[in-house]
Amino acid sequence: MDEYTALASIYDEFMDNIDYEAWGERIAGILSQEGIADGLVLDLGCGTGIITEFLAKKGYDMTGVDCSEEMLQKAMDKKNKSGADILYLLQDMREFELYGTMRAIVSTCDSLNYIIEPEELLEVFRLVNNYLDPGGIFVFDFNTKKKYADIGNTSISETRDSASFIWENFYNRDDYINEYQLTIFLPVENDLYKKYEEYHVQRGYDLEEIKELLKRAGLVFERAYDGYSDECAHENSDRIVVVAREKGK
């Protein structure tokens with residue numbers, strides 16, 4: 001089964017531990033600090049469109065890109081309900097194409113960790129550089145090697161009225177690859193459940209690797225934060241938020 005095929009249906013509910021509003025406010029604050037209070041913004045790896053919708057409400061002209069048709073369907077459901085003017089594109093971030101350049105590009109929820117080959121992440125950064133306005137801003141997050149190492153080899157399970165899941169996690173400290181097998185049980189009828197299995201692979205990165213890839217892609221590293229706080233990133237950061245700039249075409 002493809003990534004996010006079954007998970008898409010329960011993703012928002014089971015990720016309710018994340019304060020997306022605080023994340024959105026932080027991203028909007030960073031963009032505003034960089035002089036970007038409106039205009040075209042791309043959400044790369046937009047998933048179910050939570051951050052996309054939030055930034056649209058802030059007045060940005062949003063486009064969302066994701067490679068999961070199921071996740072984009074959930075995003076479209078939100079769009080149809082809110083009436084937001086958002087363009088969604090079903091594309092792989094390693095080869096995405098846009099109609100023009102953007103004032104800013106954002107990527108959240110460790111979407112970039114799904115790019116497990118550094119050279120492919122470099123290509124993503126090159127595309128970002130290509131589709132940014134001169135001096136445009138790139139704001140993104142990533143999970144660190146430390147975070148995946150701390151999770152290690154473990155199992156997590158959770159049961160709710162709408163669904164249940166078992167998460168089996170495996171981390172390879174030699175190549176920084178984090179694999180997890182999701183077994184999802186979705187209710188059908190008469191107390192019956194249908195079982196789905198999904199396999200996900202992510203790679204941990206550190207800030208120095210990210211800085212080097214940004215440099216090779218033609219982007220200028222500006223600063224990095226410890227998650228969505230206003231504190232600087234440090235060696236114990238689990239999630240790092242990076243601000244980079246297109247240096248001028």
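**Figure 1. Strands β2 and β3 of a predicted model pair in the parallel sense**. Strand β2, residues 60–66, and strand β3 are joined over four bridges. Two strands are said to pair if DSSP finds at least two bridges between them. Strands here are DSSP runs of E with at least two residues, helices are runs of H or I with at least four residues, and both are numbered from the N terminus. Residues are numbered from 1 along each chain as its sequence is written. Because the model is predicted, local features need pLDDT of at least 70 and side-chain atom pairs count only at pLDDT 80 or more, whereas totals for chains, interfaces and linings use all residues; side-chain values use heavy atoms, with hydrogens and water left out.

**Figure 2. Seven strands form an open sheet with mixed pairing**. The strand order is β3-β2-β1-β4-β5-β11-β10. At the edges are β3 (87–90) and β10 (219–226), each of which pairs on one side only. Neighbouring strands of this sheet are turned by 20° against each other on average, direction ignored. Angles are taken between axes, which are lines fitted to C-alpha atoms (for helices, over the stretch in contact), and they run from 0 to 180 degrees between N-to-C directions. In general, strands of a sheet pair through backbone hydrogen bonds, either parallel or antiparallel.

**Figure 3. Helices α2 and α4 lie across strands of the sheet**. Helix α2, residues 20–33, lies across β2, β4 (102–107), β5 (132–143), β10 and β11 (239–246). The angle between α2 and β10 is about 140°. Helix α4, residues 69–82, lies across β2 and β3 and runs at about 170° to β3.

**Figure 4. Asp43 is a buried residue of strand β1**. Strand β1 comprises residues 39–44. The relative accessible area of Asp43 is 1%, and the residue is therefore classed as buried (buried means under 20% relative accessible area, exposed over 50%, and partly exposed in between, with a 1.4 Å probe and protein chains only). Leaving aside residues up to four places away in sequence, Asp43 touches Ile51, Thr52, Met62, Thr63, Gly64, Val65, Val106 and Ser107, where contact means heavy atoms within 4.5 Å. The side chains of Asp43 and Thr52 are joined by a polar contact of 2.7 Å. A polar contact is a pair of N or O atoms within 3.5 Å; within protein, one must be able to donate a hydrogen and the other to accept it, and residues adjacent in sequence count only if both atoms are side-chain atoms. Asp43 and Tyr88 are 45 residues apart along the chain, and their C-alpha atoms are separated by 9.4 Å.

Figure 5. The whole structure contains eight aromatic pairs. Rings of Phe, Tyr and Trp (its six-membered ring) pair if their centres lie within 6.5 Å; planes under 30 degrees apart count as stacked, over 60 as edge-to-face and the rest as tilted. The ring centres of Phe125 and Phe140 are 5.5 Å apart and the planes stand at 45°, so this pair is tilted. Phe125 and Phe140 are both buried. For Tyr148 and Tyr171, the centres are 6.3 Å apart and the planes at 25°, so the pair is stacked.

**Figure 6. Four strands form an open sheet with antiparallel pairing**. The order is β6-β7-β8-β9. Strands β6 (154–159) and β9 (193–203) each have a single partner strand, so one side of each is left without a neighbour in the sheet. The twist averages 15° from one strand to the next. Strands β6 and β7 run antiparallel and are joined by six bridges; the bridge partner of Thr159 is Ser164 in β7.

**Figure 7. Cys109 and Asp110 have positive phi values**. Phi is near 55° for Cys109 and near 50° for Asp110. Most residues other than glycine have a negative phi. Cys109 is found in the loop between β4 and α5, and Asp110 is placed in the loop between β4 and α5.
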